[in-house]
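Please read this short briefing next to the sequence and the 3D view.

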Amino acid sequence: MTSQTPSPSATAPSSAERRTEDIRLQLRSWPEVEAYLERCRGVIVPLGSTEQHGPTGAIGTDALTAEAVALEVGRRSGVLVTPAQAFGMAEHHLGFAGTVSLQPSTLMAVLHDVVLSLAGHGFERIFVINGHGGNIATSKAAFAQAYATAASRGLPRAAELRCRLANWFMAPAVLQKARELYGNREGHHATPSEIALTLHLEPSLAGKQRPLPEPAPAGPIHGPADFRRRHPDGRMGSDPFLARAEHGATFLDLAASALCTDLERFLNAES
């Protein structure tokens, strides 16, 4: 199996010593990537979204958090991390200024092409760390299409190509900690758990936080106008004022630990 976790050497740094810069694909040269592929066929792709997160949350929350978790997983595991895909499928948030959305077909095409580009070089295990629930269905459809394309193009290792979507915010340890800290005030969008992680990553965001009125409860979504009508300030049952930067540090550790375990299993799976 060529897609195993990177094997340690006498000179390789431990996870505690490894720098984030060492696992960022955009900071490597092509000969370095070729050398990496001799020992590991796995790669991590952060996937986020650029969308409103209530009146006090950063529009880049989903991209910031997905990239941070991905880089921490990469630092701990030694697996390369691509640049983050910061635009996702956020059509239902377009009623709020600043949201930038890809249509499902566009995101599907982007992910398809990313996977095929990586597979063409010999990557066999594409581990997508996702920060936005609206990306889930489209991502899985993109993976299915990529498998078919890889086979039809006759890529040398098309039969070994596998993609996995890992939603950091759905890791059991993360969900449990969010329940412990926030109870039902966690809500479903602009949640204190994701806001807490952004406060840990970007301390300047603390200045935006303030008490907010009772949020609208979660409910069905039928497009941007309907979402704005049902959820006038963009939140879905959440109280982001409960978020604290120290909570964010805990969520980052819990998410990275869970996804490192998931990644190792994925890299070493026989099929």
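Which strand do 6 bridges join to E1, and do the two run parallel or antiparallel? The partner is strand E3 (residues 125-130), and the two run parallel. This is a predicted model, in which local features need pLDDT of at least 70 and side-chain atom pairs count only at pLDDT 80 or more, while totals for chains, interfaces and linings use all residues. Residues are numbered from 1 along each chain as its sequence is written, and side-chain values use heavy atoms, with hydrogens and water left out.

- Strands (E, at least two residues) and helices (H or I, at least four) are DSSP runs, numbered from the N terminus.
- Two strands pair if DSSP finds at least two bridges between them.

**Burial of E1**
- Buried means under 20% relative accessible area, exposed over 50%, and partly exposed in between (1.4 Å probe, protein chains only).
- In E1 (residues 42-47), 6 of 6 residues are buried.
- One side carries Gly 42, Ile 44 and Pro 46, and the other Val 43, Val 45 and Leu 47.

**His 189**
- His 189 lies in the loop between helix H5 (172-182) and helix H6 (192-201).
- His 189 counts as buried because its relative accessibility is 7%.
- A polar atom of the His 189 side chain lies 2.9 Å from the backbone oxygen of Gln 52.

Note on methods. A polar contact is a pair of N or O atoms within 3.5 Å; within protein, one must be able to donate a hydrogen and the other to accept it, and residues adjacent in sequence count only if both atoms are side-chain atoms.
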